[in-house]
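Let's take a friendly tour of a protein chain, one piece at a time. Have a look at the structure first, then read on.

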Amino acid sequence: MEYTPEEDREWEQESVQVEREWLVEYVLDIPEEGEAVRMITILRGAQMSDVQSRLYDILRSQYASHQRLDVTVIRMEPVDMRTDVAMFEIGGTYQP
């Protein structure tokens, strides 16, 4: 077996899709109930299409008894790991 240094395998690591967190904001309208609910959730996926599939799978399982669901995705973006702590705490107390 031949040894391959890490530097030579760098291109392999770059081509691998890393799963990350996505913020998904959407409006769920259930025509049978006549009301729309705005929701926000965090889902994991490598690409936007993966996240979309997961969202629809979750909604299908949660609302299996409903014949129709209208879903309007307002925002779907990767979560940025850089956060500003000052936005969440003022004097050591959580501020929404």
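What you are looking at is a predicted model, where local features need pLDDT of at least 70 and side-chain atom pairs count only at pLDDT 80 or more, while totals for chains, interfaces and linings use all residues. Residues are numbered from 1 along each chain as its sequence is written, and side-chain values use heavy atoms, with hydrogens and water left out.

**The overall layout**

- The protein chain has two helices and five strands, and from the N terminus on they come in the order α-β-β-α-β-β-β.
- Those helices (H or I, at least four residues) and strands (E, at least two) are DSSP runs, numbered from the N terminus.
- Of the 96 residues in the protein chain, 17% count as buried; buried means under 20% relative accessible area, exposed means over 50%, and partly exposed is in between (1.4 Å probe, protein chains only).
- Take the contacts in the protein chain with a separation of 6 or more: 58% of them come from residues 24 or more positions apart. Contact here means heavy atoms within 4.5 Å.

**The sheet**

- Three strands make an open sheet in the order E2-E1-E3, with antiparallel pairing. The edge strands, each pairing on one side only, are E2 (35-45) and E3 (70-78).
- From one strand to the next, the twist averages 20 degrees.
- Two strands pair if DSSP finds at least two bridges between them.
- E1 (residues 20-30) is joined to E2 by eleven bridges, and E1 is joined to E3 by eight bridges.
- E1 and E2 form a hairpin with four residues between them, and Gly-34 in the turn has a positive phi of about 70 degrees.
- As a general rule, side chains in a regular strand alternate between the two faces of the sheet.

**The helix across the sheet, and the core**

- Helix H2 (residues 48-62) lies across E1, E2 and E3, and runs at about 130 degrees to E2. For that angle, axes are lines fitted to C-alpha atoms, for helices over the stretch in contact, and angles run from 0 to 180 degrees between N-to-C directions.
- The largest nonpolar core has eleven residues, among them Trp-22, Val-24, Leu-43, Val-51 and Met-76. A nonpolar core is a set of buried Ala, Val, Leu, Ile, Met, Phe, Trp, Tyr and Cys residues joined through side-chain atoms within 4.5 Å.
- E1 and H2 each supply at least two residues of this core, and E1 gives the largest share, five residues.
- Val-51 sits in helix H2, and Val-51 counts as buried because its relative accessibility is 0%.
- Val-51 and Trp-22 are 29 residues apart in sequence, yet their C-alpha atoms are 7.4 Å apart in space.
- Leaving out residues up to four places away in sequence, Val-51 touches Trp-22, Val-24, Leu-43, Arg-44, Gly-45 and Met-76.
- Val-24 has contacts too: beyond its neighbours within four places in sequence, its partners include Met-39, Leu-55, Val-73 and Arg-75.

**Two polar spots**

- Asp-57 is in helix H2, and Asp-57 counts as partly exposed because its relative accessibility is 44%.
- The side chains of Asp-57 and Arg-60 make a polar contact of 3.0 Å. A polar contact is a pair of N or O atoms within 3.5 Å; within protein, one must be able to donate a hydrogen and the other to accept it, and residues adjacent in sequence count only if both atoms are side-chain atoms.
- His-66 lies in the loop between H2 and E3, and its side chain makes a polar contact of 3.1 Å with the side chain of Glu-33.
- Setting aside neighbours within four places in sequence, His-66 is in contact with Ile-30, Glu-32 and Glu-33.
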